[in-house]
Amino acid sequence: MLIRKASAEEMRKLWGNDYSFTFHFFYDRIASGNAVFWTVDDGDELIGELYAFLNLDDRDFADGKDRAYLCAFRIRRQYRGQGLGTRLMEQALADLKDRGFKTVTIGVNKDEPENIRLYERLGFFERVKECHYDPCGLDEKDQPEYDEEGWWLLARQL
């Protein structure tokens with residue numbers, strides 16, 4: 001398994017026929033250098049993904065200098081439990097630290113105890129705020145999607 005940075009074109013291939021506003025948001029920011037896309041590569045197949053947005057309108061998430069926002073952290077189900085997610089996250093955190101970022105944020109649903117435990121194990125202890133809008137998930141009007149239940153924005157220091 002190889003953990004590496006991937007291109008916007010590889011993201012397009014991974015996401016398939018999803019040409020939503022969210023897809024374009026991710027793609028455009030990777031292509032412009034305002035986001036980094038890491039993947040776990042198993043030969044010719046991408047089996048995991050993690051994105052870092054370096055600068056967003058909501059500075060609690062990412063401010064372009066000291067704080068970056070991680071999202072869409074996924075490992076295909078059949079590959080979970082092998083430490084690949086931890087290795088992927090550790091590589092992304094090391095890269096962001098090398099870029100000069102001091103804090104990293106990540107979102108987690110309040111009703112996902114397994115993910116909360118994983119993020120705490122990875123050092124995300126600080127609850128920055130409760131969120132109802134995802135700055136990277138856009139609706140059909142190209143606006144941040146509203147989540148009635150809400151979720152937490154967590155942070156950790158690098």
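**The sheet and what packs on it**

In this predicted model, 7 strands make up an open sheet with mixed pairing, in the order S1-S2-S3-S4-S5-S7-S6. Helices (H or I, at least four residues) and strands (E, at least two) are DSSP runs, numbered from the N terminus, and two strands pair if DSSP finds at least two bridges between them. At the edges are strand S1 (2-6) and strand S6 (126-138), each pairing on one side only. Neighbouring strands of the sheet are turned against each other by 35° on average, direction ignored.

Strand S5 (residues 103-109) and strand S7 (residues 144-157) are antiparallel partners over 7 bridges. Within S7, Trp152 stands opposite Val108.

Helix H3 (residues 84-98) packs on the sheet, where it touches S1, strand S2 (35-42), strand S3 (45-53), strand S4 (67-75), S5 and S7. The direction of H3 makes about 160° with that of S4; axes are lines fitted to C-alpha atoms, for helices over the stretch in contact (heavy atoms within 4.5 Å), and angles run from 0 to 180 degrees between N-to-C directions. Helix H4 (residues 113-121) lies across S4, S5 and S7, at about 165° to S5.

Phe53 lies in strand S3 and is buried (under 20% relative accessible area, 1.4 Å probe, protein chains only), with a value of 0%. Beyond its neighbours within four places in sequence, Phe53 contacts residues including Phe25, Phe26, Tyr69 and Cys136.

Residues are numbered from 1 along each chain as its sequence is written. Local features need pLDDT of at least 70, side-chain atom pairs count only at pLDDT 80 or more, and totals for chains, interfaces and linings use all residues, while side-chain values use heavy atoms, leaving out hydrogens and water.

Conventions. Buried means under 20% relative accessible area, exposed over 50%, partly exposed in between (1.4 Å probe, protein chains only).
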